[in-house]
Amino acid sequence: MLRYPYFCRSYKEFLSFWLESGIFNLGVRPKKIHSTAERYDDYEAHEQTDQTGAQEFHRSQDSEAMTKLHIPVMVDEVVRCLAPQKGQIFLDMTFGSGGHTRAILQKEPDITLYALDRDPAAYTIAEQLSELYPKQIRAVLGQFSQAEALLMNAGVQPGTLDGVLLDLGCSSMQLDAAERGFSLRKDGPLDMRMDGGRYPDMPTAADVVNALDQQALASILRTYGEEKHAKKIASAIVQARSTYPITRTQQLASIVAGAFPPSAIYARKDLLQRSTHIATKTFQAFRIFVNDELNELYAGLKTAEKFLRPGGRLVALSFHSLEDRIVKRFLLGISMTEKFNLSARQKVKQASQFSSGHENKEGVSIERPPLMWELIHKKVLTPRDQDVQENPRGRSAKLRAAIKL
């Protein structure tokens with residue numbers, strides 16, 4: 001059955017950073033449990049069979065075959081920004097199938113690299129790669145928010161790392177496995193958890209779409225998918241689940257598509273001017289919410305700042321505006337609640353206030369904290385045309401890199 005007690009508790013804890021800062025205050029709480037709970041019971045045995053099959057699938061996959069599923073994005077730029085040198089220590093916080101890690105080792109094999117990932121399938125690949133590079137690679141299983149404790153347990157002290165890499169978002173390895181529930185193009189259980197096997201009580205995307213009320217669903221779609229038709233889609237989901245629990249990926253995709261005329265289903269275009277399904281943003285929103293990705297990203301950035309030495313390098317690859325906005329503000333030392341796109345006059349006024357020790361209404365002097373980072377590139381880096389042609393999934397990548405001061 002739906003994991004309502006855990007789900008409701010987790011829902012209140014999700015977005016803790018955003019709720020406290022006020023930037024993404026959804027203003028919603030699960031007030032009542034939808035009547036689909038009873039109907040969902042009939043499908044639980046089927047879902048458990050799917051989950052068991054998924055676990056067997058991951059255990060049975062050869063690491064080499066899984067590695068081929070994911071093409072690392074902007075490899076040359078990542079290695080160039082990290083600039084690995086003999087004897088240095090690195091942390092790959094999103095190991096995935098190890099494409100970036102392999103490239104770093106090819107550039108400089110005499111290093112130590114901690115390979116972190118929250119996905120057990122990726123961790124298995126990291127362990128197998130560590131057998132090939134026993135002196136270089138240390139496989140670590142966990143989330144960004146657990147990274148500090150995991151590094152300390154591994155003997156890594158704050159201020160000792162020479163480089164940290166974050167390759168955010170969902171990997172091809174996850175998207176291409178239908179039983180993981182990430183892809184709207186392949187039918188599978190509506191799961192979307194990156195580490196559901198480790199936390200079986202963690203809410204799935206099915207829990208979200210069947211439990212939350214229409215207002216909460218619309219808020220999630222608007223906030224995490226930047227979906228302008230959030231209310232219409234949320235209404236369609238609530239209407240559909242009243243007669244039939246939503247348990248499959250293509251079932252959800254069909255419900256979203258059904259809320260629009262046929263001509264609108266593929267009317268949206270990506271950066272390559274290719275048609276994209278109308279449910280793409282919906283799937284992004286629920287995936288981000290289920291995995292608490294934005295809170296995790298902020299926690300990962302704070303951990304990277306703590307463990308990098310002065311002069312250490314941070315490289316972050318993001319794939320949508322929400323991720324990039326957080327990385328950009330973090331590196332520039334801008335609060336998540338502070339207005340960013342100021343006019344030229346506002347910028348001049350703000351600069352003079354900070355330089356003169358501006359006082360607030362209570363007479364307390366306000367000063368912007370000193371910058372912690374020096375940007376390696378003033379402007380964000382994006383994939384080259386050739387890279388996009390070879391790996392279309394990386395078309396929206398944005399790379400930001402900085403040196404800790």
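Start in the middle: the largest nonpolar core has 69 residues, and Val 164, Ile 237, Phe 286 and Leu 314 make the most contacts inside it. Keep in mind as you click around that this is a predicted model.

Select Phe 286 next. Setting aside neighbours within four places in sequence, Phe 286 is in contact with Met 192, Val 208, Val 209, Leu 217, Ile 220, Leu 221, Ile 237 and Leu 252. There's also a second, separate core of 27 residues, which includes Leu 82, Val 315, Phe 319 and Ala 401. As background, nonpolar side chains in soluble globular proteins tend to be buried together.

Now zoom out to the whole chain. Of the 405 residues, 51% count as buried. The accessible surface is about 19300 Å², with 51% of that belonging to carbon and sulfur atoms. Looking at contacts with a separation of 6 or more, 72% are between residues 24 or more positions apart.

Colour strand S2, residues 112-117. Six of its six residues are buried, so the strand is largely enclosed by the rest of the structure. Which residues point which way from S2? Thr 112, Tyr 114 and Leu 116 go one way, while Leu 113, Ala 115 and Asp 117 go the other.

S1 and S2 run parallel, joined by four bridges. To pick out a bridge pair, click Leu 91 and then its partner in S2, Tyr 114.

Next stop is helix H16, residues 321-332. Its twelve residues reach 16 Å from first C-alpha to last, close to the 16 Å expected at 1.5 Å a residue. Show the buried side chains in H16: Leu 322, Glu 323, Asp 324, Ile 326, Val 327, Arg 329, Phe 330 and Leu 331. Step just past the end of H16 and you'll land on Gly 333, with a positive phi of about 70°.

Is Arg 400 buried or exposed? Arg 400 counts as buried because its relative accessibility is 14%, under the 20% cut-off. Draw a distance between the side chains of Arg 400 and Asp 324 and you'll find a polar contact of 2.7 Å.

Beyond its neighbours within four places in sequence, Arg 400 is in contact with Leu 314, Val 315, Ala 316, Asp 324, Val 327, Lys 328, Leu 331 and Val 380.

Notes
Residues are numbered from 1 along each chain as its sequence is written. This is a predicted model: local features need pLDDT of at least 70, side-chain atom pairs count only at pLDDT 80 or more; totals for chains, interfaces and linings use all residues. Side-chain values use heavy atoms; hydrogens and water are left out. Helices (H or I, at least four residues) and strands (E, at least two) are DSSP runs, numbered from the N terminus. The expected span of a helix is 1.5 Å times one less than its number of residues. Buried means under 20% relative accessible area, exposed over 50%, partly exposed in between (1.4 Å probe, protein chains only). A polar contact is a pair of N or O atoms within 3.5 Å; within protein, one must be able to donate a hydrogen and the other to accept it, and residues adjacent in sequence count only if both atoms are side-chain atoms. Contact means heavy atoms within 4.5 Å. A nonpolar core is a set of buried Ala, Val, Leu, Ile, Met, Phe, Trp, Tyr and Cys residues joined through side-chain atoms within 4.5 Å. Accessible areas come from the Shrake-Rupley method with a 1.4 Å probe; for residues, only the protein chains shown count as cover. Two strands pair if DSSP finds at least two bridges between them.
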